[in-house]
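Biologist: I'd like to learn how to read a protein model. Could you walk me through one, feature by feature?

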Amino acid sequence: EIRLANFGGDVLDTVIPETNMTVAAGNEAGQIVVALRGGKVCYLEVENAKIIQRSSKQMDREVSCLNINPFTPKETSTAVMDTSDENEKSARSKNPSLKATHSATLCAVGLWDDFTVRLLSLESANLIEVL
């Protein structure tokens with residue numbers, strides 16, 4: 001099961017997938033992807049202390065790995081990121097429901113057997129594969 005908890009350990013929401021999870025990934029923006037036994041990939045988001053399923057896609061093989069790290073825009077340099085407002089960092093650390101600056105638009109999905117990596121668009125309703 002997938003649980004959303006606060007820093008005190010209190011469970012705020014729980015989602016029980018239709019079958020066993022094989023791999024999962026998440027990021028600071030509250031985005032979550034999970035692979036279920038049988039190759040189904042589910043995309044979820046945390047919104048207002050609730051876990052909401054946004055979309056899913058049935059892959060043709062079992063999923064070996066997932067990555068949902070957002071790409072940082074080219075104009076954002078490391079120096080700019082290091083000098084961000086300390087109050088914003090503190091607020092985000094105290095309240096995990098606050099979204100990070102950047103959300104992922106793509107999810108990388110590694111598949112067993114053919115050893116390929118597929119990129120799925122998180123902006124589409126059915127996780128369309130992109131090149």
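Modeller: Let's go through confidence, strands, salt bridges and cysteines in turn.

Modeller: First, some ground rules: this is a predicted model, where local features need pLDDT of at least 70, side-chain atom pairs count only at pLDDT 80 or more, and totals for chains, interfaces and linings use all residues. Residues are numbered from 1 along each chain as its sequence is written, and side-chain values use heavy atoms, with hydrogens and water left out.

Biologist: What is the mean pLDDT of the protein chain?

Modeller: pLDDT is the predictor's confidence in each residue, on a scale from 0 to 100. The protein chain averages 84, and 77% of its residues reach 70 or more.

Biologist: Which element has the lowest mean pLDDT, and which the highest?

Modeller: Elements here are DSSP runs numbered from the N terminus: helices are H or I with at least four residues, strands are E with at least two. Helix α1 (residues 78-82) has the lowest mean pLDDT, 41, while strand β4 (residues 31-36) has the highest, 98. Over residues 76-85 the pLDDT is below 50, and this stretch has six contacts in the model beyond near neighbours in sequence. A contact means heavy atoms within 4.5 Å. Residues 87-92 also stay under 50, with nine contacts beyond four places in sequence.

Biologist: How should I treat places where pLDDT is low?

Modeller: Where pLDDT is low, the predicted coordinates should not be read in detail.

Biologist: On to strands, then. How do β1 and β2 pair?

Modeller: The general idea is that strands of a sheet pair through backbone hydrogen bonds, either parallel or antiparallel. Two strands count as paired if DSSP finds at least two bridges between them. Here, β1 and strand β2 (residues 11-15) pair in the antiparallel sense over four bridges. In β2, T14 is the bridge partner of R3. The hairpin of β1 and β2 has five residues between the strands, and G9 takes a positive phi near 90° there.

Biologist: Which residues are on the covered face of β1, and which on the uncovered one?

Modeller: In strand β1 (residues 2-5), I2 and L4 make up the covered face, whereas R3 and A5 are on the uncovered face.

Biologist: How many salt bridges does the count come to?

Modeller: A salt bridge is a side-chain nitrogen of Lys or Arg within 4 Å of a carboxyl oxygen of Asp or Glu. By this rule the count comes to nine. One of them joins the side chains of E1 and R3, at 2.6 Å from N to O.

Biologist: Is R3 buried or exposed?

Modeller: Buried means under 20% relative accessible area, exposed over 50%, and partly exposed in between (1.4 Å probe, protein chains only). R3 counts as exposed because its relative accessibility is 57%, and E1, at 47%, counts as partly exposed.

Biologist: Which residues are linked in a network of salt bridges?

Modeller: The network links D60, R61, D114, R118 and E129. R61 and D60 have their closest N and O atoms 3.3 Å apart, and R118 and D114 have theirs 3.2 Å apart. D60 is exposed at 52%, R61 is partly exposed at 29%, D114 is partly exposed at 25%, and R118 is buried at 17%.

Biologist: Last topic: how many disulfides does the count come to?

Modeller: A disulfide is a covalent bond between the sulfur atoms of two cysteines. The rule used is a pair of cysteine sulfur atoms within 2.5 Å, and the count comes to zero disulfides.
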